[in-house]
Amino acid sequence: MTVSIKERLASLVAEAARSIAGPAFDVGTLPIGRPKDASHGDAAIPCFPLAKAAGQAPPAVAKAFAERLVELAKENHGILTTAEAVGPFVNVRYERAALAEDVVRGVLERREPFGPWKPNDTRVVIDYSSPNIAKPFHFGHLRSTVIGAALRRIYKHTGHTVFGINHLGDWGSQFGKILIAFEEWGDQEALHRDPMRHLYEIYVRFKRESDADPRLNERAAEAFRRLESGEDNAERRRWQELRDISLEAFQGPYRRLAAEFEAITGESFYEDKIESTLAQLKDAGITTVSEGALVVEIDGMPPCILVKSDGTTIYATRDLAALYYRRATYEFDKALYVVGAEQKLHFRQLKEVIAKLGWKEADGIEHIDFGLVLTFDPEQKRWTKFSTRGGNAIFLDEVLDEAVAKARTIIDEKNPDLADKDAVAEAIGVGAIVFNDLKNTRIKDVKFDWDELLSFEGETGPYVQYAGARLSSILRKAGSDDAADAIPADIVWCALHDAERVLITMLDFGSVLERCVDKNEPYILTSFVTSLASEIHSYLREHHVLSAEPEVKAARLLLVRAARDLIREGLALLGVASPEEM
RNA sequence: GCGCCCGUAGCUCAGUUGGAUAGAGCAUCGGACUUCUAAUCCGGCGGUCGCAGGUUCGAAUCCUGCCGGGCGUGCCA
């Protein structure tokens, strides 16, 4: 197995460091970073830890360190050309041909980290999307769906065994409300025409009318009791009907968003597992009865309620049943919950309960929280929460359709002869929305802004897609867009010396994925593909491919192929399509 | 009240876990298409990193205290 140029640099740095600061020096304390200014070099090593260990001033140590690196580089060809001390830093430059070959070959031959990583033994359950099907699939559901789907693919790519789970909100007391709402105002024709919208309308109406008529809430509670009784009654049949129709309706958005699951086990799936869950929790001796409810008391926070005083269960009970089931079924090491930040307390409670049970898996339970979707309130002149109750929810399909329509308009204007315009518009429009949601740190609130959502310029999905399309176009015109094309033996790799910025960026792919996994943050990858696209757009302006001298052209075509593949790979991990043309 | 989160350019955000002169996009101003897609590129303008202390060779980053905003705070999810 070949060792990447990055790893070879790391071992060179380690060897040089030990020869300066002694064999006991902890090489891990010496970070290899990127210089502030790209003109300084390809990689930079701050020498402060080394200076401390060597007991000398940082600039002096840096100087000696750089000299040692140069010596070592002479003995080990194909890694570095220069190592220069600048004050307390050492800036190094990769040997150009080696850099180019390492990166391009790595991508095209799908070596790690560009291709799939060798399997590790970590098993990960990712709970995401999990829409409440008594409520509409609105824009707010996008976040969990898109973040979770991206994490699922990133974990898979990096060698984890992953189980993506849609913990559908298809149970619970709000179903009592929906049942009563449907009994009062339900309409079969409207339900089948547009299930989500119809259920949304009657749900909002229920919320509104129950304010004036508390009897509605009582009836809803009774309906849920009857549902949870386990009998094959009218409530159950209606529930089953609404659930099936809703679930079917969700498949459209899931397809468009490239969201896939290993299992769709909603809350109702645990209905027959609640009893044994409660028994085990009681047997463990961690439950108490408080104010008529069965709870687990937890230091420093409110108790976790298992059975309400009216005898019905609650979401925490079902989440615990799910944890028992998932431990037995998937033998997970990590259980990630991609759920909004407002449920922070609930997941802290879950984790505490599991810790009280003494499970070794407790540490692996992690709430992958994210910010709210806000809407601008012109009256209050500030960003406020969407409220389902208020009825100002924005449907996801509406947003996607709007973006696709905008993409279609731009295609007609810029590329009227394009084949398959509708398919390309779908890829661009949906890609823009997905990309936008994965652009920032999860915890940031998302401000719902049509202008920003429908912007296809700058740091956007279409910007990255466009870079990919330009690369594909070059390959098409060169007639060499065959992924199976072998890399010729006579490639002059140093012809790519002027593509250093692109190559150095591509070199980062592995550590980018590591950071994504480490922090459960897809935006790091989003940011990476944006940088790569930017480097490509700049490069293509200055460096013509098809008209270059044969040697240069051959090398550049390989670079183009590699960059195109990596952009496609990165976007695919995020859930964004890469049109060949746009 | 208490707990958690956020505060960086006019706006939206990065800042690789404490390293070099704090970076992008949008907006704005100027420039680049008879050459592989101008959904692009190049340049200008724009900063008391909320405030005040502290830690040290070095702080947007760590610690403390304030200020402002958000979320949560026992039977919704």
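How many residues surround RNA strand B, and which are the closest? The count is 66, and the closest are K308, T441, Y466, S473 and Y523. Near, here, means that a heavy atom of the residue lies within 4 Å of the strand.

A word on ground rules. This is a predicted model: local features need pLDDT of at least 70, side-chain atom pairs count only at pLDDT 80 or more, and totals for chains, interfaces and linings use all residues. Residues are numbered from 1 along each chain as its sequence is written, chains are lettered from A and ligands numbered from 1 in the order in which they are written, and side-chain values use heavy atoms, with hydrogens and water left out.

Of the atoms of RNA strand B that come within 4 Å of the protein, 62% belong to sugar and phosphate. Take K36. One of its polar side-chain atoms sits 2.9 Å from a phosphate oxygen of RNA strand B. N91 goes to a base: an N or O atom in its side chain is 2.7 Å from a base nitrogen of RNA strand B.

What classes of residue make up the surface near RNA strand B? There are 27 nonpolar, 16 polar and 23 charged residues. Nonpolar covers Ala, Val, Leu, Ile, Met, Phe, Trp, Tyr, Cys and Pro; charged covers Asp, Glu, Lys and Arg; polar covers the others, Gly among them. Helix α17, residues 461–478, gives the most to this surface, with seven residues.

Now the whole chain. Chain A has 21 helices and 13 strands. These are DSSP runs, numbered from the N terminus: helices are H or I, at least four residues, and strands are E, at least two. The C-alpha trace of chain A spans about 85 × 65 × 50 Å along its principal axes. Of its 582 residues, 52% are buried. Buried means under 20% relative accessible area, exposed over 50%, and partly exposed in between, with a 1.4 Å probe and protein chains only.

Next, the inside. In soluble globular proteins, nonpolar side chains tend to be buried together. A nonpolar core is a set of buried Ala, Val, Leu, Ile, Met, Phe, Trp, Tyr and Cys residues joined through side-chain atoms within 4.5 Å. The largest one here has 158 residues, and F65, F139 and L525 have the most contacts inside it. Helix α21, residues 550–574, provides the largest share of this core, 12 residues. Apart from it lies another core of 36 residues, including Y324 and Y337.

Look at F139. Leaving out residues up to four places away in sequence, F139 touches V373, I394, F395, L396, V399, I433, F448 and L453. A contact means heavy atoms within 4.5 Å.

One sheet to find. Its three strands run in the order β12-β11-β13, open, with mixed pairing. Strands β12 (382–385) and β13 (446–447) are the edges. Strand β11, residues 373–377, is joined to β12 by four bridges, and the two run antiparallel. Pairing takes at least two DSSP bridges. T375 has T384 in β12 as its bridge partner.

Last, some backbone details. E112 and P113 are joined by a cis peptide bond, with omega about 5 degrees. N520 has a positive phi of about 55 degrees, although it is not a glycine. N520 is in the loop between α19 (509–519) and α20 (523–542). Is N520 buried or exposed? Buried, at a relative accessible area of 1%.

Methods:
Polar contact = N/O pair within 3.5 Å; in protein donor to acceptor, adjacent residues only side chain to side chain.
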